[in-house]
Amino acid sequence: HQRAAHATDAGRLHTDDLDSCPVSITPIRLFGDPVLRTPAEPVVDFDAELRRLVADLTDTMLDAGGAGLAAPQLGVGLRVFTYHVDGVIGHLVNPDLSLGEDEERDLEGCLSLPGLHFETPRAVQVVARGWTMHGEPATVEGTHLLARAVQHETDHLDGILFIDRLDPEQRREAMRLIREADWGATPPVVRTSPHAGAFGRR
């Protein structure tokens, strides 16, 4: 049922891209942190700091077992996300999406909303065009799970969370679960960042 179509090789991560970067697991911002509601800025500089950010996103995503992770979830207000679907690890910078007409509902969760899973409507197919961390053009094209991950992470770059796409009854249930969650009762923690100047971590 869930099938990833393909991503151009340019958008995939190869081990030699990240070998020079030590493993870096970064705390994931949780619901309630303002950075998750702030639209991210386009990437302008394709430099070592951007490659470090992609490495941080990749390491943290893999450590958390997620299908994707967007820069705002690490407190970075830039349009970058990583994904891990069907064994393929990739990333995209400054994504621009074209969605297919068909929609489907399937379970969706979010690393910034631990423990919440709801059936969420998404386009079945997506074509995402953008850039690699090296400034090369890249296209990610997929269906079902890959399409869902790309749409979910691009939403993060626009300050949108998956619970915003639920119907009113589901949203009320989601907010109830958030209020009851241990993490939901804790004020968001703002941590300093090694990317402060370059990425404006909030």
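Tutor: A salt bridge is counted here when a side-chain nitrogen of Lys or Arg lies within 4 Å of a carboxyl oxygen of Asp or Glu. The model is a predicted one, and it holds 10 salt bridges.

One of them pairs R79 with D158, whose closest N and O atoms are 3.0 Å apart. This pair links distant parts of the chain, 79 residues apart: R79 sits in the loop between β2 (68-70) and β3 (80-85), and D158 in the loop between α3 and α4. R79 has a relative accessibility of 14% and therefore counts as buried, since buried means under 20%. D158, at 36%, counts as partly exposed.

The loop between α3 (144-157) and α4 (168-180) also contains D164, which is paired with R37 from the loop between α1 (15-18) and α2 (48-64), so the contact ties together parts that are 127 residues apart in sequence. The side chains of R37 and D164 meet at 2.5 Å, N to O. R37 is partly exposed, with a relative accessible area of 39%, and D164 is likewise partly exposed, at 32%.

A further salt bridge joins two strands. E108 belongs to strand β5 (residues 103-110) and R122 to strand β6 (residues 113-123), so this pair ties together parts that are 14 residues apart in sequence. The closest N and O atoms of E108 and R122 are 2.7 Å apart. E108 is buried, with a relative accessible area of 4%, and R122 is buried as well, at 3%.

After α3 comes G159, whose phi is positive, near 75°.

In summary, the R37 and D164 pair joins two loops, as does the pair of R79 and D158, whereas E108 and R122 connect strands β5 and β6. Both partners are partly exposed in the pair of R37 and D164, while both are buried in the pair of E108 and R122.

Key
Residues are numbered from 1 along each chain as its sequence is written. This is a predicted model: local features need pLDDT of at least 70, side-chain atom pairs count only at pLDDT 80 or more; totals for chains, interfaces and linings use all residues. Side-chain values use heavy atoms; hydrogens and water are left out. Helices (H or I, at least four residues) and strands (E, at least two) are DSSP runs, numbered from the N terminus. Buried means under 20% relative accessible area, exposed over 50%, partly exposed in between (1.4 Å probe, protein chains only).
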